[in-house]
Amino acid sequence: MERDAQKKDRIGYQSLIQSALKSVVRAALQKAAGLGALPGEHHFYITYRTHSPGVQMADFLKDKFPEEMTIVIQHQYWDLEVFDDRFEIILQFSGVPQNLRVPFSAVTRFFDPSVNFSLQFDEGELASPPMAASAPERQPAPRVEQASGGDGTVVSFDAFRRK
């Protein structure tokens, strides 16, 4: 009986990993906000779930992108503000400025093509962590990709998991 209890993840490592990786996105956006522009050739593609709690954007954009939307933060953006739980930015869509509020919990992918760096987050992250009495669910591993000169390196956390 005690052995089975030891196998349950009561700390929530998967959630901790996702939070740590999202702090990379937050820090990158904070650098851009602090500088007032992205340094060098850096630019960000950020994909997020449009109907996640806390996402605020124009209804016509939610209608056009009912599941996910990818925004590009490069040259033309305004009022980038980064908070602990979200970022806010003004981007133009069809020449019209639109305010976006995106919680980090809604972000599913982050990519900076200038250095070929990307992060992909678990889709199940919005679900609450398993209760201590239930069996832990196996979630897909977060992917961290970084490459230079076109060669890709993928770091998977599967090697550290019990099967």
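The structure is a predicted model, so local features need pLDDT of at least 70 and side-chain atom pairs count only at pLDDT 80 or more, while totals for chains, interfaces and linings use all residues. Residues are numbered from 1 along each chain as its sequence is written, and side-chain values use heavy atoms, with hydrogens and water left out.

Phe 104 sits in the loop between strand S5 (96–103) and strand S6 (107–112). Helices (H or I, at least four residues) and strands (E, at least two) are DSSP runs here, numbered from the N terminus. Buried stands for under 20% relative accessible area, exposed for over 50%, and partly exposed for anything in between (1.4 Å probe, protein chains only). Once neighbours within four places in sequence are set aside, Phe 104 is in contact (heavy atoms within 4.5 Å) with Lys 22, Val 25, Arg 26 and Leu 29, and also with Val 82, Phe 83, Asp 84, Asp 85, Arg 86 and Phe 87. Ser 23 lies 81 residues away from Phe 104 in sequence, yet the C-alpha to C-alpha separation is 8.8 Å.

Side chains of opposite charge can pair when their charged atoms come close. With a salt bridge taken as a side-chain nitrogen of Lys or Arg within 4 Å of a carboxyl oxygen of Asp or Glu, the count comes to four. Arg 86 pairs with Glu 88, and their closest N and O atoms are 2.8 Å apart. Glu 88 also forms a salt bridge with Arg 101, again with 2.8 Å between the closest N and O atoms. This second pair links distant parts of the chain, as Glu 88 belongs to strand S4 (residues 86–93) and Arg 101 to strand S5, 13 residues apart. Glu 88 is buried at 16% relative accessible area, whereas Arg 101 is partly exposed at 27%. Arg 86 is buried as well. Together with Asp 85, the residues Arg 86, Glu 88 and Arg 101 are linked in a network of salt bridges.

Another salt bridge joins the side chains of Glu 68 and Arg 109, at 2.9 Å from N to O. Glu 68 is in strand S2 (residues 68–73) and Arg 109 in strand S6, so this pair ties together parts that are 41 residues apart in sequence. Both partners come out as partly exposed, with relative accessibility at 24% for Glu 68 and 31% for Arg 109.
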